[in-house]
Structures are given as C-alpha cells and as structure tokens.
Protein chains: 2
Amino acid sequence: MSTSEIKIQHLGVAVSSIDDALIFWRDGLGLELKEIEVVEEQGVRVAVLPIGESRLELLEATGAETPVGRFLSRRGPGLHHLSVEVDDINAKIAELKGRGVRLIDEQPRVGAGGALIAFIHPSSTGGVLIELTQKDSDS
Amino acid sequence: MSTSEIKIQHLGVAVSSIDDALIFWRDGLGLELKEIEVVEEQGVRVAVLPIGESRLELLEATGAETPVGRFLSRRGPGLHHLSVEVDDINAKIAELKGRGVRLIDEQPRVGAGGALIAFIHPSSTGGVLIELTQKDSDS
C-alpha cells in the first residue's frame with residue numbers, strides 16, 4: 001500500500017558509459033532495460049530501467065560541457081538526482097517558493113518523455129538535486 | 001502496476017542535521033515523518049519518511065568517525081546510498097559474486113528494523129553504494 005501521494009518517479013545515476021553500467025544494473029542486479037533515449041537539449045543519453053513503481057535512469061553525457069559531463073568531472077560517477085512525482089507541480093512550486101526554497105526552474109518546463117518538470121536547487125534541499133515531475137494523468 | 005520484482009526499499013540521504021533537513025523534506029516537500037531511530041552500531045540517527053512504496057531515510061552521524069560522518073567530511077550532505085529490496089538476498093549475493101561483483105558484506109547481516117541486508121561495493125556499481133535488503137515476508 002502506498003502511504004504517500006508523492007512517489008519516487010526516478011533516480012538518476014551519472015555513468016561514464018551506459019554499456020558498462022548495464023553489466024551491473026541489468027545483467028547483475030536483474031533490472032530490465034526498457035529504452036534508451038537521447039535528450040539533446042540536456043546533452044544526455046538516458047537508459048531507463050523500471051524498478052518497482054519507480055525507474056532507474058542511467059545518465060551518460062554526450063559531451064564534457066553538459067550538466068552530466070560536468071558532474072562526472074567534478075564528482076565522478078554515482079547518484080545524481082532524485083525525481084519525485086507530485087499531483088500538482090504548479091501548486092508545489094508555489095508552496096516551495098512561499099517557503100523560500102530556491103528553484104532552478106521557477107516555471108515548469110517540458111522534460112524527457114513530455115512530462116512537466118522543475119528542478120529544485122540543492123542549496124535548499126541539503127545537497128540533493130531534486131526534480132519535481134508532474135504526475136501523468138494517464139498513468 | 002509494478003513492473004519489477006525488485007523495488008527501491010529506501011534512499012539514504014546524508015544530512016548535517018535531521019531537524020534542519022525536515023524543514024525541506026517534511027514541511028516543504030510534504031512527506032510524513034514516520035519515526036526516528038538510532039542505529040548505534042552504524043553511528044547514525046535515521047529519520048524515516050515514506051515516499052510511495054519506498055522510504056526516504058535522512059542519515060545524521062552521531063560522530064565524525066562514523067561511515068556517515070566520514071561521508072559528510074569528504075563529500076558534504078547529499079544522496080548517500082540506494083537500498084533495493086530483493087526476494088532472496090542469499091540468491092542475489094551468490095549471483096553477484098559469481099559475476100565478480102565486489103561485496104562489502106559477503107554474508108547478509110541484520111540491519112535497521114531487523115531486516116537482512118548486504119552492501120555492494122561502489123567500485124562494482126559505477127560509484128553507487130547499494131544496500132540489498134531482504135523482502136519482509138510479512139509485507
């Protein structure tokens with residue numbers, strides 16, 4: 001039973017190589033690779049692996065001067081961001097702004113797969129890069 | 001619908017202070033604080049906040065010379081580990097060992113809440129500290 005209207009939509013993991021990472025996540029751990037998508041405007045290749053009601057997203061930079069490329073240079077591969085699905089992204093953004101939370105996106109924008117998303121700045125979350133994702137009314 | 005027999009059991013976030021972190025995660029994001037537990041042998045206070053079928057665990061070190069204390073010194077607060085729930089932890093450990101995956105715990109041990117757990121070394125996962133958790137047969 002779900003005990004929260006908010007769920008983990010996905011967990012983003014920065015990887016040097018999706019092919020190499022799949023050796024652990026798919027072949028070892030046993031997750032299924034659902035698809036690989038290129039998000040040109042973010043400079044990232046994304047491998048999607050469902051895990052329960054959530055997804056694991058392996059993020060491979062398409063170049064050094066991309067958000068994931070810079071993360072890899074600075075911190076190395078590993079956990080990159082947490083995406084949480086909310087019922088009403090506009091209401092959540094308004095609420096967070098009212099509390100003084102610093103947002104990277106003050107208005108929702110269209111992310112991978114067409115969902116409305118907005119990033120919260122890690123300085124307001126205790127160091128975690130969080131992406132809000134609008135719940136898909138079809139799912 | 002769940003598309004995987006493996007799910008995210010919890011996501012561990014290293015925090016400087018649980019009290020401060022709750023200002024964002026509970027009051028801002030809207031998660032419920034279920035409990036705070038001290039795990040003496042790991043030197044950590046753990047605040048548990050359900051999120052969908054998973055949980056968020058805010059990890060506050062009880063001292064500098066603890067796993068979370070050393071993580072905070074080295075990397076600062078942020079995403080710390082991913083716990084994945086598996087049906088049969090012994091089978092999964094055997095399978096991973098057979099594939100040459102490096103385990104921190106080659107045998108399951110009892111973790112917080114009494115569950116059997118085993119950590120996988122980040123060197124085998126692309127930089128992510130992963131905890132396997134045996135599925136509770138009651139849940």
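The model is predicted, with an ipTM of 0.92 and a pTM of 0.93. For chain A the mean pLDDT is 93, and 95% of the residues reach 70 or more.

**Sheet of chain A**

- An open sheet of 8 strands is formed in chain A, with mixed pairing and the order E2-E3-E4-E1-E5-E8-E7-E6.
- Strands E2 (35-39) and E6 (109-110) of chain A stand at the edges; each has a single partner strand, so one side of each is left without a neighbour in the sheet.
- Strands of a sheet pair through backbone hydrogen bonds, in either a parallel or an antiparallel arrangement.
- The pairing of E1 (residues 7-15) with E5 (residues 78-86) in chain A is antiparallel and extends over 7 bridges.
- Opposite A:Gly12 stands A:His81, a residue of E5(A).

- Helix H1 (residues 18-28) of chain A packs with helix H3 (residues 89-98) of chain B at an angle of about 145 degrees, and their axes are 11 Å apart.
- The crossing of H1(A) and H3(B) is right-handed.
- From H1(A), the residues A:Phe24, A:Asp27 and A:Gly28 meet B:Lys92, B:Glu95 and B:Leu96 of H3(B).
- By class, this contact of H1(A) with H3(B) has 3 charged, 2 nonpolar and 1 polar residues.

Notes. Residues numbered from 1 in each chain as written. Chains lettered and ligands numbered in written order. Predicted model: local features only at pLDDT ≥ 70, side-chain atom pairs only at ≥ 80, totals over all residues. Heavy atoms only, no water. Pairing = 2+ DSSP bridges. Helix = DSSP H or I, 4+ residues; strand = E, 2+ residues; numbered from the N terminus. pLDDT = per-residue confidence, 0-100. Axes fitted to C-alpha atoms, helices over the stretch in contact; angles between N-to-C directions. Left-handed = near helix turned anticlockwise from the far one by under 90°. Contact = heavy atoms within 4.5 Å. Nonpolar A, V, L, I, M, F, W, Y, C, P; charged D, E, K, R; others polar.
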